[in-house]
Amino acid sequence: MGSGEAGGDATGRSPRDWCDRAAALLDAGRPDAALDAARAAADRDPASEWAHRLLSLAQERLGRPAGAAAEEALRLAPGSWAGRLRLASALRRLPGRWEEAAAQAELARRFAPEEPGPLVLLADLDLLRGDHVRAGRRYREALDLDPGHPQARVNLGLASLRWEPPRAHHDPAWPVDPRATGRARRALEVWSRQVRLLVAVATAAIAAAALAFDAGAAPARLGGPAVLVALAALTVRQARRAGAWAWVPAMLRRDPWLGAAVVGALVSVLAFTGWLTLALAPIGLPVLTLAVLALPGAGVGALWVGLGGIALLGWPVLAAVRVLAGIWRGRPLYALAAFTEAAGHAAPPPAPSLETPS
């Protein structure tokens, strides 16, 4: 740490006074004013590790790059567990530096095994990557050190619910900008919704025209190719918007619901194509209709109905499955207990890792 007490200015405040003011402003939820106070402290005492740590935290809360200030704080005090924890928190937000962030947090834990902060940050990293089991274990270890730690209790509840981060498709450890994978995810989601909707509407319209107006295979012969062309156009359009194709397979594995939506759209297209093929086969739609009405178990007729059902009902079935899966997700009673206990504890004093000198 630097001189701290020396170097007062015209206002009568020393660098330490400015740090105290920055910490108080951060506690009050005013990171913009805290940033100015931390800059004043760092300007008056460039060797103050605490000032640079506060500067980094204020930048982070304002959504600005905070790594440089955190690295400077650690350079000034390489043995500071609080400095390593601050750097870890700043680095986790930078693409390609996730592993370094985890390493710094682990070093902070080794430097200060009696402090819950490093364990909580390590658990947060696990939670953001979807490792709910390890995150829950680390939150419980942190609560053994500090039973009143509200962040550990709340996030333990989230881990128990198997909470999904806003970017469930993106692994924070990937060396790719999350905005790139976000664009790919949006393109895939829009494509899957548009494809399933178009297939469902086209199936219903063609079947209704054929059966209600006794038009035979004419609606399928006229409308079917037009629908397939529209599907191809939708696919090309969204493929151009996606980008980040190298990461798409991993995105689909990481986010099962995104994968299910994409697979469901592909299955709908295949079912619709097969449905059209049977309708336009020599047997014709009228014969298929009679077969379905007379012998529901007949091979070709049943297949035609099944393919049409997949094309028409794939979307609502997937939505229903997702709702049911959400109802039974995780351990809701255990999570509720964790949330209740967190609410029952008074707010803790400012965390040493962020707002007080080490």
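Biologist: Why is glutamate 99 called exposed?

Modeller: This is a predicted model. Glutamate 99 has a relative accessible area of 52%, and exposed means over 50%, so the term applies to glutamate 99.

Biologist: What makes arginine 129 partly exposed?

Modeller: Its relative accessible area is 33%.

Biologist: How do you know that the side chains of arginine 129 and glutamate 99 meet in a salt bridge?

Modeller: The N to O distance is 3.9 Å. A salt bridge requires a side-chain nitrogen of Lys or Arg within 4 Å of a carboxyl oxygen of Asp or Glu, so the pair of arginine 129 and glutamate 99 qualifies. The pair links distant parts of the chain, 30 residues apart: arginine 129 is in the loop between α7 (116-128) and α8 (132-145), and glutamate 99 is in helix α6 (residues 98-111).

Biologist: What makes the pair of aspartate 131 and arginine 134 a salt bridge?

Modeller: The closest N and O atoms of aspartate 131 and arginine 134 are 3.6 Å apart, and the cut-off is within 4 Å; therefore the pair counts. Aspartate 131 is partly exposed, with a relative accessible area of 30%. Elsewhere, salt bridges that share partners join Glu99, Arg129, Asp171 and Arg254 into one network. By this rule the count comes to 16 salt bridges.

Biologist: Which residues touch the most other members of the largest nonpolar core?

Modeller: They are Val195, Met251 and Phe272, in a core of 23 residues. The elements that give two or more residues to this core are α10 (178-212), α11 (218-242), α12 (248-254) and α13 (256-280). Of these, α10 gives the most, with 9 residues.

Biologist: Which residues of the second largest pocket lie nearest its centre?

Modeller: Arg92, Trp98, Leu128, Arg167 and Pro172 do, out of 14 lining residues. The lining of this pocket divides into 10 nonpolar, 1 polar and 3 charged residues, and the pocket has a volume of about 400 Å³.

Definitions and conventions. Residues numbered from 1 in each chain as written. Predicted model: local features only at pLDDT ≥ 70, side-chain atom pairs only at ≥ 80, totals over all residues. Heavy atoms only, no water. Core = buried A, V, L, I, M, F, W, Y, C linked by side-chain atoms within 4.5 Å. Buried < 20%, exposed > 50% of the residue type's maximum accessible area, 1.4 Å probe, protein only. Helix = DSSP H or I, 4+ residues; strand = E, 2+ residues; numbered from the N terminus. 1 Å grid on protein atoms, 1.4 Å probe; cavity = no way out; pocket = protein on both sides within 12 Å on 5 of 7 lines; lining within 4 Å. Points joined across faces, edges and corners; volume = space filled by probe spheres on them. Nonpolar A, V, L, I, M, F, W, Y, C, P; charged D, E, K, R; others polar.
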